[in-house]
Amino acid sequence: MLEARALQRYACGRRAPRFALRRYLRLLPPASAPLALPPAWWRIPWLAALFEPVPLLPKSQASREFQRRLFLVTLATELTPWGAEQTRAAARRSFASFAVRAIGCGIVELGLVPWRIAVHRLTWWPLRARR
Amino acid sequence: MSDANVVIVGSGPAGVSAAWPLLNAGLRVHMIDPGVSREDATALDGRDFVERRFGDSEQWRVFLGSDASILENASPKLQAPEYSHVFRDFRDRYRIVADAFAAHGSLAPGGLSNAWGTGVGAFTDRELREYPFRRADLLPSYNAVATRIGVSGSADDELSEWYGNDYPLQTPHPVEPNFEPIYARHNRRVQRFGRGAPGSFRMGRPQHAVLTEDLGERSRCDLRGMCMFGCQRRAIYNAADELTALRAQSGFTYSSGWFVTNVVAEDGRFAARAVGMRDGGERSFRGDRVFLAAGTLGSTKLALEMLGAYDVDVPLLTTPILAFALCSVASLFAPPVERGYALSQLAFALELVEIDGAPEIFGGLFPTSGMLPTELYGRIPLLRPFGRRIGAWIWPRMLATLCFFPGTYSRNTLRLRTGGELAVHGGYADSLRIAVRHAVRRLTEEFAKLGVRLLPGSTSLNRPGEEMHYAGTLPMRERPTRYETDREGRLAGIDSVHVVDGAVLTTLPAKSHTFTIMANADRIARIVAARTVGSA
């Protein structure tokens, strides 16, 4: 899934730190998944736009641009049969399984609060205009 | 040059509804619209929502299209590529400058009905109390419009009288499994305590301009779940579908591809001056009378230009929408629903008796089965992978709710500038915050009785104008003053120009207003037809 990884890299900024990339790579399918991105995705304007050079933006805009690109990556993978199947599988989990996962996610999230701030800053940093 | 009795500017629901009574009376009608149509072929091919999601590797063509900027729109229908042409060029052509307001309109045949949410409901006498006529005056028109467009809904439940059940109704759609326990519980409460008195919390099946029985060339809904992204069976009403039938009438002329820039008096008659959408050529469409049905924003601009009302603020009514998510305890343990009818399944009405004037609010409960779960992912305050996993589980079990507040809470203004721009400024009354607080409290209590919980942090108020319920810029009055119209939609001092769309609604209740716009256009056309035929 070379294109998927490249997409991630551009979505996160060319010089995004590795741990941030790993974090977002979890949104993407394994290399064996046949329909990870729409076919001929490079001809889809909004998807191809993610591969355009990362602009240098003021701080506030850089953060917004980062979130926008991240949302489009999520959408690109969701809008495939693979994404739909993943969503269906998650939706069909039992309430008990969901509750355990939700509590687990909550604990991890709480632990990650300081990291989230750091990750957020580091991920929009490559998009930010330097003086 | 045309020699029509009536020139109708616009081919939306109001224009089409006005055309029928005129034609039935034997008058000659000339309808003009800009005729903006789609340039690319439709991506719809009859597959239903689930088939599309799990089997189409190019589903982005139907769900997003090639322009990701449409994601900025809040309404799912505004985001659907199938409807993107509907809104194209509108703001540029009318030179609309919007401030804190989502100004939408349509230059397409059929106007905004192309992307109508299909909510139907006749105004009650209470809702018409500031109008210069009563409900009885509108009833023949409600009947005519309902017969023509096909309305599905229950004729006998707690809300049916409030909606109106004295016009033809097709059977309602089946209730989706997620909603069945809620509705059953509500019905048990009704059996035990009796039907809710006017003002109390009442719940019933919504009325929609969606067919459950075949009607003419249109086929009934077969629950494909594509309501938000385009209905190929034409089960959802669209005024453009009526143009074929209108064109078959002998007295009807249809000119598409003309954008009306102004209406002027010419040699004792009135003319709509238009420019060609393709070549920019100019043409005048003359008639004894002109009906303005270009949509509230379009018609108001034409009317203000006629009156020479530059740099004057006129009010623009909209219905604020509070969106929130509900989750029932039963649905947490039930298998997720993937397929069904994607428009509202249940409706409710409630008076906020704690507030002066006891404003009535109205809402609908929507399933999520016909929408993309990505709508939710971004709202979950967790890292995206976690948010996605949790969101995917909650999404099919969630009920999306839209709650409409009456137009009295809107504080929008519309101003025609000297340079020709139409400036729209959006805003809400300060009292809306109090009303929202009361509404959330009351609805939380009422839904809790039905086993449904409001998801914490899920409430959000829309930006003014996003719901596209625009009205009341040139309100009808018994004794109209400047910038108002009489009971026939005539501008003060101008006898032969009638405004027949949402611009002339006197007030805007929370209830869906499109059905009343259509009925009012029909009513005005009947009066004009009777007078014209009588004097001939």
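Visitor: Which backbone oxygen does the side chain of Thr485(B) reach?
Guide: This is a predicted model, and the distances in it are computed. Thr485(B) sits in the loop between strand 17 (460–461) and strand 18 (497–499) of chain B. Its side chain comes to 2.9 Å from the backbone oxygen of Leu474(B).

Visitor: Is Thr485(B) buried or exposed?
Guide: Buried means under 20% relative accessible area. Thr485(B) has 0% relative accessibility, so the residue counts as buried.

Visitor: Where in chain B are Asp313(B) and Arg415(B), which form a salt bridge?
Guide: The closest N and O atoms of Asp313(B) and Arg415(B) are 2.9 Å apart. This pair links distant parts of the chain, 102 residues apart. Asp313(B) lies in strand 9 (residues 313–316) of chain B, and Arg415(B) lies in strand 14 (residues 412–416) of chain B.

Visitor: What is the N to O distance in the salt bridge of Arg463(B) and Glu466(B)?
Guide: Arg463(B) is partly exposed at 43% relative accessible area, whereas Glu466(B) counts as buried at 16%. A salt bridge needs a nitrogen within 4 Å of a carboxyl oxygen. The side chains of Arg463(B) and Glu466(B) meet that limit, with an N to O distance of 3.8 Å.

Visitor: How many salt bridges are there over all chains, and which residues are linked in a network?
Guide: The count over all chains comes to 38 salt bridges. The residues linked in a network of salt bridges are Asp486(B), Glu488(B), Arg490(B), Asp495(B) and Arg531(B).

Visitor: Which helix gives the largest share of the positive patch?
Guide: The positive surface patch is formed by Arg185(B), Arg188(B), Arg189(B), Arg192(B) and Arg453(B). One of these, Arg192(B), is exposed, with a relative accessible area of 69%. The largest share, four residues, comes from helix 8 (residues 180–193) of chain B.

Visitor: What is the phi of Thr118(B), and what is the phi of Leu223(B)?
Guide: Thr118(B) is in the loop between strand 3 and helix 6 of chain B and counts as buried, at 0% relative accessibility. Leu223(B) is in the loop between strand 4 (202–204) and helix 9 (242–247) of chain B and is partly exposed at 28%. Neither residue is a glycine, yet phi is positive in both. The value is about 70° for Thr118(B) and near 60° for Leu223(B).

Visitor: What pattern does chain A follow along the sequence?
Guide: Buried residues make up 44% of the 131 residues in chain A. Chain A has six helices and zero strands. Read along the sequence, the pattern of chain A is α-α-α-α-α-α.

Technical notes
Residues numbered from 1 in each chain as written. Chains lettered and ligands numbered in written order. Predicted model: local features only at pLDDT ≥ 70, side-chain atom pairs only at ≥ 80, totals over all residues. Heavy atoms only, no water. Patch = residues over 30% accessible without salt bridge, like charges linked within 9 Å, V, L, I, M, F, W, Y side chains within 5 Å. Areas by Shrake-Rupley, 256 points an atom, 1.4 Å probe, with all protein chains shown as cover. Lys, Arg positive; Asp, Glu negative; His and termini not counted. Charge placed at Lys NZ, Arg CZ, Asp CG, Glu CD. Helix = DSSP H or I, 4+ residues; strand = E, 2+ residues; numbered from the N terminus. Buried < 20%, exposed > 50% of the residue type's maximum accessible area, 1.4 Å probe, protein only. Polar contact = N/O pair within 3.5 Å; in protein donor to acceptor, adjacent residues only side chain to side chain.
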